[in-house]
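Dear colleague,

Please find the structure that I am handing over to you below. My notes on what was found in it follow directly after.

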Amino acid sequence: MITNTEHTDIVTENGIAFHEDVMLDLKHLKKVYPTPKGDYVVLEDLNLQIMKEEFVTIIGHSGCGKTTMLSMIAGLNEISGGNISVLGHHIKGPGPDRGVIFQAPSLMPWMTSLQNVMLGVNQVFPHATKAQRTDIAKYYLQKVGLEDAFHKKASDLSQGMQQRVGIARAFAIKPKVLLLDEPFGMLDSLTRGELQDILIEIWNKEKITAVMITHDVDEAIFLADRVVMMTSGPKAKIGDILNIDFERPRTRKAVLEHDDYYKYRKHLIDFLEH
Amino acid sequence: MKQSITLDRVTKFMGLGFLITLKSLFTGDLDKEGFRNFLRKVVVPIASIFLFIGLWHMGAKSLYNIEAEYKIEKALTEQGQEAADAMKACIASGDVSCQPNTLPSPAQVWESYKSLLRDHQIISADKAAFAEKTAVINAKRIAEGKDPITYTGRPSFVDQILTSLKTVFAGFLLALVIAVPIGVIIGLSKTLRSSVNWLIQIFKPVSPVVWLLLVFMIVKTMTKDSNSDSAFIISFISVGLCSMWATLVNTAMGVASVDKDYINVAKVLKLGPVQKVFKVILPSSLPLIFTGLRITLSVAWMVLIAIELLAQSPGLGSFVWEEFQNGAIDSNSKIIVAMFVIGGIGFLLDRIMLTIQNTVSFNKTSGI
């Protein structure tokens, strides 16, 4: 199931053996929700390894447990069985090494966009001077095209703009892993395209390992190195993994015109329609 | 132009939108829609005020007639025809000694209002004169370490209003200082919330009078040796205790119902507890806290009158009570004046709180 088997450089840390190139390692992951009618098993024996500098999109039907898995990686949801490790260290609760871009922008509406980004930056770089931290925040806000909106209240921004701030906030804390939970799901398709471009542009520079949930097949192919398909729940696991071999940096036009594009697309849709 | 826009915004912000329509009438930029607005927001309210005064006037008149007839009837049955005629003539002449005592008419109330203002001017002048007279002696007394001689004359109506305002603000501040921190603390912990819930539910509906008695029991003992103004202390503490519940409940609710997304962000960023409270939880519950404070202030103002009345502490409440006990010919109309003043000040206080509430709210929906 895991395609990258050619890595032989195994490192041992804390008694856990892992490939040096593995950033995020999900082993025998299990999630159980107790209900009055007995336990409801959302995920069972889920195994997934995500490499450094890899962009993985996860696609699957609604309710299959994608979001549960992502929030478990983020540390916001308890693990019922198995484990998750980042660079060989088991995760314990949430932390800024795993940045999250939520589905709703989740900005503090009473803060300006700069203050929202600074909230994270202050936390991650406590020893930097205030000017340095402000520079970091401003840099990422510029990257997402908000150089004119530093001091606008988050509540005064459109949804798309708010999600841009969300992206800036996530990158500005320089996480090891970036987790994206359908970040563009609530946006119209035009804005979604724009934000995909912005996201991939920053990502090309920063190469932060990214795991992104999406419902959108085209988005999954355009952004990812690998598309992970999850089976429908209960007891969801990984059904199939598709390698996307387009060169980076990609342009939307080049991807759409590529011969393999429709092959990939058919593969995903065939899986989802089963 | 720019200035008028900000004026529009300020008045709308304070819930005084009708002023804009009134203004556009004078500047002459009224279109059809504006005219309809003008009718609805200015003409209809003014008409309803006149209707109210008219009904009041007629009601007062008929009550007056009933009372007058009763007096004449009584004179007739008790003292015979002659006395009845004398009474009739006396009432018709408007003599103070035999006026029927009933609901005063709007005109009488207006007269009383003016006489109260005159009274205030007289007392202020008296006070100023007193201060001038005693200035030298007082300076000397202070230099000698003695207490200065203070004015002990009767307070004017305006003095009573100021005293009431002072008491209500002291009570409000007390409520704020007690209720907001406790609300935050119990909002943060589910366990604490359920453990003090019974206490809140039981004490919340307790009548102001009972609070007053409780406070009286405690303060009376505690201020035994000091010469502090215990009536003032009792009334402001009672006001605070009666009115703080709305703020307490709202603060706890606001803190407990902070959007889960914000909490998740705080978790992912690993904000410490202090930062979490001050950067995320408090700002996000501010709108609800201020809704609570607004209710608290209006409750405080409402119970203040009753408490002052009972605690014998100076203020509008005791003014009303004294006038009622007094039974002079213009007492009833003075009570009605006090009623309007109480209502008007209550309205103003509410508008001030609404303005503050709108300033701190991050969502644009304005309160009512």
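Of the 274 residues of chain A, 41% count as buried, a residue being buried if 20 or more other C-beta atoms, placed from the backbone, lie within 10 Å of its own, exposed if 12 or fewer, and partly exposed in between. Please note that this is a predicted model, in which local features need pLDDT of at least 70, side-chain atom pairs count only at pLDDT 80 or more, and totals for chains, interfaces and linings use all residues. Residues are numbered from 1 along each chain as its sequence is written, while chains are lettered from A and ligands numbered from 1 in the order in which they are written.

Chain A contains eight helices and twelve strands; these are DSSP runs numbered from the N terminus, helices being H or I of at least four residues and strands E of at least two. The radius of gyration of chain A, 19 Å, is close to the 19 Å that the globule rule gives for 274 residues, so chain A is as compact as a globular protein of that length. That radius is taken over C-alpha atoms, and the rule is 2.2 Å times the number of residues to the power 0.38.

With 14 residues at 1.5 Å a residue, α3(A) should span 20 Å, and its end C-alpha atoms are 20 Å apart, which agrees; the expected span is 1.5 Å times one less than the number of residues. Buried in α3(A) are R133(A), I136(A), A137(A), Y140(A) and L141(A). They cover an arc of only 130 degrees around the axis, which puts them on the same side of α3(A); the arc is that of the directions from the helix axis to the C-beta atoms. A131(A) and Q132(A), on the other side of α3(A), are exposed. The buried residues of α3(A) pack against α2 and α4 (159-172) of chain A. After α3(A) comes G145(A), with a positive phi near 80 degrees.

Turning to the contact between the chains, 16 residues come from chain A and 14 residues from chain B, two residues being in contact if their C-beta atoms, placed from the backbone, lie within 7 Å. Helix α2 (residues 113-124) of chain A gives the most to the side of chain A that touches chain B, with three residues.

As to confidence, the model scores ipTM 0.83 and pTM 0.78. Chain B has a mean pLDDT of 84, and 90% of its residues reach 70 or more; pLDDT is the predictor's confidence in each residue, from 0 to 100.
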